[in-house]
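Biologist: I've got a model open and I'd like to learn how to read its strands and sheets. Can you walk me through it?

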Amino acid sequence: MVSPEADDQSLVAACRLGDRQAFKSLMQRYQRKVYSVAYGFLRNQDDALDVVQESFIKVHRYLGNFEGNSSFYTWLYRIVTNLCIDHIRKNKRHRELEFDDGLRHDGEDGGMSALPLSSLGDPAQVLQRREILDAVQDGLQYLSDKHRAVIIMRELQGMSYEEMAQAMKCQKGTIMSRLFHARRNMQKLLTERLGYVPSSLADETGEDRDASGVATPQAVLP
Amino acid sequence: MTPRILASAFTALLLPATVLGGLSLASAEVHAEVKAAACKVTVFLATKDGDGSIPAELKFLDEQLRDDQFAAFKGFRLLEAKTLKLGLAKPSVAALQSGFQLRLSLLGEEETKLKLHANLMAPGRDKPLVDTAYKIDNNGLLLVGGMRHLDGKVFFAIQCRGET
Amino acid sequence: MTTRTISEQQLSAYFDGELSPAERAEVEQWLAHDAAASAGPSGRAVLAELGLMRDALGASLQAEAARVPEARFEQIWDEIDRALDRDTAAHQPAAPSPSLWARVLGMLRPVWVPVAATAGVAAVLITVVNGGAVPTGASATNTGELVASKPGPQPAVAPAPVLVAAVEAEPTFPEPDMREAEIERIEFSGKQGRIGTIEGKRGATTVIWVSDEDASGGERSL
């Protein structure tokens, strides 16, 4: 019997031989990661858990199709992504408004020169602070479905632009641009939420830090 | 490669072990593809008259038949059920008692979805009523229909699963 | 010293490692000189911020996943087990059998099946697989499951004996998967048709409505 600590490949091989316990060990290895991705997409615990369940069942059914050309988790993630995108598409119909682009940065926000997270100090500390993590969740909430999708696929799943283009059925260039705008929107949201004023501006005007009415700093990139 | 694997399968089955290894012939190098599919075609009639009940043979369509889109229909009955076997580039035609002809082909597969082609001909017509190429999850269900037939409208429920 | 304009979008793509070698070199050259050239945060600072945002996303969603109690995942596993049992039952004839061996010997008969590359005939090798898990109660799955394994590459060999289980006259179908179809191409015979979707609790089903020559009264439009 294969040990639960065996590597993915060995567990997959055991699964193919019908070893249900190996299947469970393999899936338990990924269940919270899969949940993270699904929650990132769907913003709802129950929906995310549904996706965990559906994707694992799919994996079991189609393990024969897994060719081993990619790593197992890449294949698993693709299944999860497709399920999430299906879910979103299905739920979109019930919404009255098409939140296709959602929050749009207005181009006046200094672009990516706002550094809401870096300005908070030691990165290791920053990542531990509850209010930062909450702010990130809120940011995700306000992104449009498409922007959120590319952010999750890139930042959490490490998918290439090509893979993302296939998942979203669009051109690679569209992904590049979409991801860029998604990041800008995230930064804008975090800036508003965390009350950041670009330090260059604060020095110049001597004003107190204020979350609102941030004036446009000079564009950074020549 | 195949004969060797079959030989070992045969040997494995002869061993009086309590744990028998099933064999997967899909090794990492093999491009495993769905090469055939079995499709269950259920032909049913929906009528304006009826008590709204769904017969046992159509229970698997319960959710669909109770949807708004079928609200106009109060009676349902099974006309015919057939299973078609499709191969890649080997379509199968169901010549149905109703006079309609449904031709299904397996075009291939993509990840966990099957690619299928369906062509529905009505009796006495040259051009197909509908000709469509679609992608659907393995074991997914597609409904086609709405044509006048007998005392109601006829529908085809097509459920295909890839054979491995 | 060049001050080539590097767009923010390029920087974003650089961060993702999606630039061509030439473009990458350009960005790196710019990064080396940029700190002195511009006011405000440097290109490197922007990249650091993107990295921090990525880490924050990961940490944030990991925290969300940690919120889900283990018991909830166990619940999902019960559902998955049930679904997998249903899957394997669908491949099996309903008749119960006294012993594993009786079932094996009864099911397997050597059959000559010509295996040719072009005929598209799938050689199905069905073997009996022991569930392998510790029997829990009266679970039927542990007494043996019939699992259809995938055939190997289409061999261009002369007909080989293939062990095939007695093929049932009518293949059994499990409950259909409620997922929309993706219509890639559709033609109606000159008359109008439409594609609708039925959304239910268990999923979505695509319906292709074919209209008759005569306008049918009482039919709802979508």
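**Reading the strands**

Modeller: Start with a pair: strand β5 (residues 113–121) of chain B runs antiparallel to strand β6 (residues 130–137) of chain B, and eight bridges join them. This is a predicted model, where local features need pLDDT of at least 70, side-chain atom pairs count only at pLDDT 80 or more, and totals for chains, interfaces and linings use all residues. Residues are numbered from 1 along each chain as its sequence is written, with chains lettered from A and ligands numbered from 1 in the order in which they are written.

Biologist: What holds strands of a sheet together?

Modeller: Strands of a sheet pair through backbone hydrogen bonds, either parallel or antiparallel. Here, two strands pair if DSSP finds at least two bridges between them. For example, His117(B) has Ala133(B) as its bridge partner in β6(B).

Biologist: What is the strand order of the open sheet?

Modeller: The five strands go β3(B)-β4(B)-β5(B)-β6(B)-β5(C), with antiparallel pairing. At the edges sit β3 (92–95) of chain B and β5 (182–188) of chain C, each pairing on one side only. On average, neighbouring strands of this sheet are turned by 20° against each other, direction ignored, using axes fitted as lines to C-alpha atoms.

Biologist: How many helices and strands does chain B have?

Modeller: Helices (H or I, at least four residues) and strands (E, at least two) are DSSP runs, numbered from the N terminus. Chain B has two helices and eight strands, in the order α-β-α-β-β-β-β-β-β-β. Chain C has five helices and seven strands.

Technical notes
Axes fitted to C-alpha atoms, helices over the stretch in contact; angles between N-to-C directions.
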